Amino acid sequence: MRYATGVGLAVLATCLWSLHGLIFRQIDSAEAWAVLFWRSVGMVPVIAGFVMWRARGRVIAACTAMGGAGVVGGLGLILAFGGAIYAFQSTTIANAVFLFSASPFLTALLAWAVLGERVRRRTWVSIAVAMFGIVVMVQGGLAGGALPGNIAALISAVGFAVFTVILRQSALADPMPIVLLGGVLSALAGFAMTSVTGAALLVPWADVAWSMGMGAVTLAGGMVLYTIGSRVVPAAELTLISLLEVMLAPLLVWLVLGETASHATLIGGVFVLGAVLMNATGQPRATPVAR
């Protein structure tokens with residue numbers, strides 16, 4: 001695959017993910033756990049088909065080869081998916097996506113603590129700047145009643161950090177079986193939590209269609225495209241490309257739905273974006289690991 005093709009796939013994946021905010025605003029009455037269930041139901045067949053293609057039909061063997069690390073990675077994706085859904089429903093799209101961008105820094109901290117990976121001085125400075133921006137955003141959310149959504153967005157970022165560290169620890173060549181397991185576990189978690197909380201699982205068909213379409217098209221499609229593109233695009237450049245979601249998602253909901261961001265969100269977001277850019281532009285060129 002050519003480098004330009006890989007960049008194009010990564011850009012397309014990020015553009016797909018940036019549509020999540022708009023899609024969530026179309027969901028009328030379904031609560032977070034019901035959305036998690038139906039979105040996972042839509043995602044699993046697509047990811048399973050991709051794993052089947054990559055593993056030449058040996059889906060079960062590909063999944064069992066993950067071992068305990070795959071289970072932990074799948075649980076991390078439950079936090080990532082569930083936290084993101086609750087955040088999108090409980091705070092502004094701008095708050096959510098800016099806080100999601102803390103995931104690279106949380107990954108660095110977790111990899112340092114768990115794997116003993118060395119963290120560069122530039123990364124530590126970037127983490128400090130990003131944390132300051134997150135504090136500004138969370139405090140703004142507290143004043144506006146959006147604190148639970150902001151916390152959920154951070155939980156989502158932690159989940160992706162756990163998922164990424166598990167990939168590094170297990171040294172799996174193909175991460176997609178973990179994504180498949182995460183989708184299955186997320187569907188089970190959504191089903192269980194609707195039973196525990198009494199939330200409706202049988203929501204209006206329009207909400208089911210939006211949720212399943214998001215899982216099958218934007219979420220699963222984006223992850224597949226990003227994984228393929230990451231084979232030829234260095235990690236630092238992939239990080240820069242992924243920033244398109246942070247910038248596009250709030251812009252789209254503003255242009256289409258008129259949803260504006262608070263001053264605290266914009267100020268904090270500037271610090272978070274600046275930290276991500278500072279860290280990404282200082283990364284050495286290396287063969288990336290698919291996320």
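Leu251 sits in helix α12 (residues 235–257). Its relative accessibility is 37%, so Leu251 counts as partly exposed. Buried means under 20% relative accessible area, exposed over 50%, and partly exposed in between (1.4 Å probe, protein chains only).

## Model and overall make-up

This is a predicted model, in which local features need pLDDT of at least 70 and side-chain atom pairs count only at pLDDT 80 or more, while totals for chains, interfaces and linings use all residues. Residues are numbered from 1 along each chain as its sequence is written, and side-chain values use heavy atoms, with hydrogens and water left out.

The protein has 13 helices and zero strands. Helices (H or I, at least four residues) and strands (E, at least two) are DSSP runs, numbered from the N terminus. Of the 291 residues in the protein, 51% are buried.

Helix α1 (residues 3–18) has 16 residues and reaches 23 Å from its first C-alpha to its last, close to the expected 22 Å. The expected span is 1.5 Å times one less than the number of residues. Buried residues in α1 include Gly6, Leu9, Ala10, Ala13, Thr14 and Trp17. An α-helix has 3.6 residues a turn, so residues three or four places apart point the same way.

Helix α3 (residues 32–54) has 23 residues and spans 32 Å between its first and last C-alpha, close to the 33 Å expected. A kink of about 25° lies at Met43 in α3, shortly before the proline Pro45. The bend at a residue is the angle between axes fitted to the seven residues ending there and the seven starting there. Val46 also lies in α3, and at 33% relative accessibility Val46 counts as partly exposed. Val46 and Ala220 are 174 residues apart in sequence, yet their C-alpha atoms are 6.5 Å apart in space. Just after α3, Arg56 takes a positive phi of about 55°.

## Aromatic pairs

Seven aromatic pairs are found in the whole structure. Rings of Phe, Tyr and Trp (its six-membered ring) pair if their centres lie within 6.5 Å; planes under 30 degrees apart count as stacked, over 60 as edge-to-face and the rest as tilted. The rings of Phe81 and Phe160 have centres 6.4 Å apart and planes at 75°, so this pair is edge-to-face. Phe81 belongs to helix α5 (residues 67–90) and Phe160 to helix α9 (residues 147–170), so the pair ties together parts 79 residues apart in sequence. Phe81 counts as buried at 2% relative accessibility, and Phe160 counts as buried at 19%.

Phe132 and Phe271 are also edge-to-face, because their ring centres are 4.9 Å apart and their planes at 75°. With Phe132 in helix α8 (residues 121–143) and Phe271 in helix α13 (residues 263–281), the pair ties together parts 139 residues apart in sequence. Phe132 is partly exposed at 45% relative accessibility, as is Phe271 at 33%. Phe37, Trp38 and Phe191 form one aromatic cluster.
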